[in-house]
Amino acid sequence: MSEENKPQETKPKNMIQAINSAMDVAMDRDPNVCVFGEDVGYYGGVFRATAGLQEKYGKTRAFDTPINECGIIGVAVGMATYGLRPVAEIQFADYIYPGLDQIVSEAARLRYRSAGEFTVPMVIRSPFGGGIFGGQTHSQSPESIFTHICGIKTVIPSTPYDAKGLLIAAIEDPDPVVFFEPKRIYNGPFDGHYDEPVQPWSKHPASAVPDEHYVIPLGKANTLREGNDVTLLVYGTMVHVALRAVEELGVDADVIDLRTLLPLDIEAIENSVKKTGRCVIMHEATRTSGFGAELAALVQERCFYHLEAPVQRVTGYDTPYPHSLEWAYFPGPVRTRLALERVMEDVSGQV
Amino acid sequence: MAADEPRRNLPPLQLHIPEPKFRPGDEADFSDIEVPPAGETPRPDTAAPHDAMRGHAYGLVRVLDDDHKAVGPWDPKLDADTLRKMLRAMALTRAYDQRMFRAQRQGKTSFYMKCTGEEAVAIAATFALDRDDMTFPSYRQQGILIARDWSLVDMMNQVYSNKKDRLKGRQLPIMYSTKQGAFFSISGNLATQFPQAVGWAMASAAKGDTRIAATWTGEGSSAEGDFHSACTFAAVYKAPVIMNVVNNQWAISSFSGFAGAEQTTFAARAVGYGIAGLRVDGNDALAVYAATQWAAERARTNNGPTLIEHFTYRAEGHSTSDDPSQYRSADEAAEWPLGDPIARLKNHLIGLGEWTEEKQEAMDQEVAEQVKTAAKQAEKNGILGHGLHHPLETMFEEVFEEMPWHLREQEEEMLAENRAANNVAKTR
Ligand SMILES: Cc1ncc(C[n+]2csc(CCOP(=O)(O)OP(=O)(O)O)c2C)c(N)n1
């Protein structure tokens, strides 16, 4: 076979490139898709997620905005009710709060309050999570604020492959979606071992991201590893922390990447916990009223008689994300191991 | 009817997207920027009604003329000693920025932001305020602390997030805070300080105090709702506050047009709210001083707030995280029609016969030495990530005044985790 006739091999993509490709594909297929946000247009975003889109699709479809998150989200709602499919970027999840009213009271409720006449098929993309020494205003994980709102979907990918498929699904979804991107794993699957270099995504199978359109349906979890003794419920960066910990400790675990927090794949959770009888929930967000609380409630409601041990949570602490003590705050390998040891203790107290 | 069905026989609408004049590779030419001659703008009485001075929101208060002489009614007529102190504070700030930026590049901390080219905005204003007037800065007014002779070592401890950091390693570098320095805790969330400054000023007025408040924000951040909330409250309650918009032309990669500069000035926001607005040459330390002095007197005499736009230029990148050559013309800084604030004040002093190039050179060396000595001292207290942090327990302190049970439990868990990790981190 001559060089030219070889099938085109897709170059491995990191998470940013996969997210960029998702928007590219969506914009190419549907002229109603547009992207905007602070530094999103010419510069292509401070993390470069929208790089090249303005050049390719023009300034009215990929543009910069004033620094006003309330405005960004408010105009996205307006554009969506006109019939566009806006993909708004909030530069850091920590800066989404000025736009909260437009999400809670407007985007999330318009379908309901107009009896289905006005709908908001928009996506809010935002990098979230810590591990980059960003201090308390570049590190937060506010996902449970959004799952608490009725009428909005919340999606969190953990690999380049998933990020692309989920983002396309979010853009094509008829309802508003908040899409949080774990920025610590933009360049590689960080597993909590901060003292080791992080492998680039190109060494990971999930960096094989097709250039074409594909969809990963919202509401479907991904079981990354099957086992019999314990279920780990994870999403975002914590997926990689969990996989590494389970491997290191030789635990026979189901590791379930939720991918969509709302609507939740309750079937996958229920089947797994009924099988293993043990459950550890992990998130980087603060513990109290975090999404883990909802998961723990669902697990005990549905799997109570199958449980062999109390459900454990591995989370961030209920403090702002500290700058210099970042690694003491981050729920890393040791916190995960201690939780696994607790949950594996049987009633007689033996491991 | 669907949006894309043909409508009445009308011309199609068009969406306007602002575009800066120059991008990478372009030759910057600022000849269209109107720079009125220094000394031309009248100085209203500090009790003048806001609507009698609307022109000031569209003009440009300038004191230093092209020959570096101080001219016109806004000349604050400062003595040479004060001018030299101001010059030194600006030079020290620039040297401090250079050193700390380099420290970040050397891996001694995570992040840094310079204020190069806009030193006058914070420093000259601070000289015009009283030492106990409360300041609510953004992250680019380190000059306030330096103008108030704050300890460089103390500032660096914060940048290094080390064991002597007064903020216990909690905040991102440059987000200083000191009540004693009348310098409000800097937030990462833009423009939140604006309504807070107004509230502080309202409280000061309600209590019959004599102190006023001053706050700063970038022009980009003036698009935030908080800015507009602040203007509304300041106007309604005639709060004794000075609200500064530092128009340095760029907000990361977005030019000022994305905050509304294609349509009007930032000082002109004042007109709509019914407050006094001044537009000032931000690279002219004397003009900044004079405008602040005017606004301070207005506030102190219960004549209400002033919104000041400082027209300046961000001569370097936004922070250690960006590369400005990716989004703007490389020669903009050199072409900036209002020059460099340090060079202008220096030339003014030389013109007065109160300074020389040799003295300037010697001073530059002195401040560089001063910064170097301070850095060595601060680095003894630790640099980021090398173990010399505040003890782990401090993570849970000051979330509340009294620690609730759940934080106590989490603290215990954290300590147990640290023991399980062979005490990697320092505890009490
Ligand atoms: C609420 C909020 N939104 C976005 C950001 C991210 N951000 C940090 S600085 C910045 C640009 C600010 O530009 P400007 O106000 O002009 O100030 P300058 O940096 O030029 O001094 C942006 C968008 C933030 N820190 N807070």
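The ligand is surrounded by residues from chains A and B, so the site is shared between chains. The model described here is predicted.

**The ligand site**

The shell around the ligand holds 20 residues, and A:E69, B:Y139, B:R140, B:G188 and B:S221 are the closest of them. By type, the shell is made up of seven nonpolar, eight polar and five charged residues.

| Residue | Part of the residue | Ligand atom | Distance |
|---|---|---|---|
| A:E69 | N or O atom of the side chain | nitrogen | 2.6 Å |
| B:R140 | polar side-chain atom | oxygen | 2.7 Å |
| B:G220 | polar backbone atom | oxygen | 3.0 Å |

Taken alone, the ligand exposes 590 Å², and the protein buries 96% of that area.

**The sheet in chain B**

Chain B contains an open sheet of five strands with parallel pairing, in the order β1-β2-β3-β7-β6. Strands β1 (134–136) and β6 (276–281) of chain B stand at the edges; each has a single partner strand, so one side of each has no neighbour in the sheet. From one strand to the next, the twist averages 20°.

Conventions. Residues are numbered from 1 along each chain as its sequence is written. Chains are lettered from A and ligands numbered from 1 in the order in which they are written. This is a predicted model: local features need pLDDT of at least 70, side-chain atom pairs count only at pLDDT 80 or more; totals for chains, interfaces and linings use all residues. Side-chain values use heavy atoms; hydrogens and water are left out. Two strands pair if DSSP finds at least two bridges between them. Helices (H or I, at least four residues) and strands (E, at least two) are DSSP runs, numbered from the N terminus. Axes are lines fitted to C-alpha atoms, for helices over the stretch in contact, and angles run from 0 to 180 degrees between N-to-C directions. A residue is near a molecule or strand if one of its heavy atoms lies within 4 Å of it. A polar contact is a pair of N or O atoms within 3.5 Å; within protein, one must be able to donate a hydrogen and the other to accept it, and residues adjacent in sequence count only if both atoms are side-chain atoms. Accessible areas come from the Shrake-Rupley method with a 1.4 Å probe; for residues, only the protein chains shown count as cover. Ala, Val, Leu, Ile, Met, Phe, Trp, Tyr, Cys and Pro count as nonpolar, Asp, Glu, Lys and Arg as charged, and the others, Gly among them, as polar.
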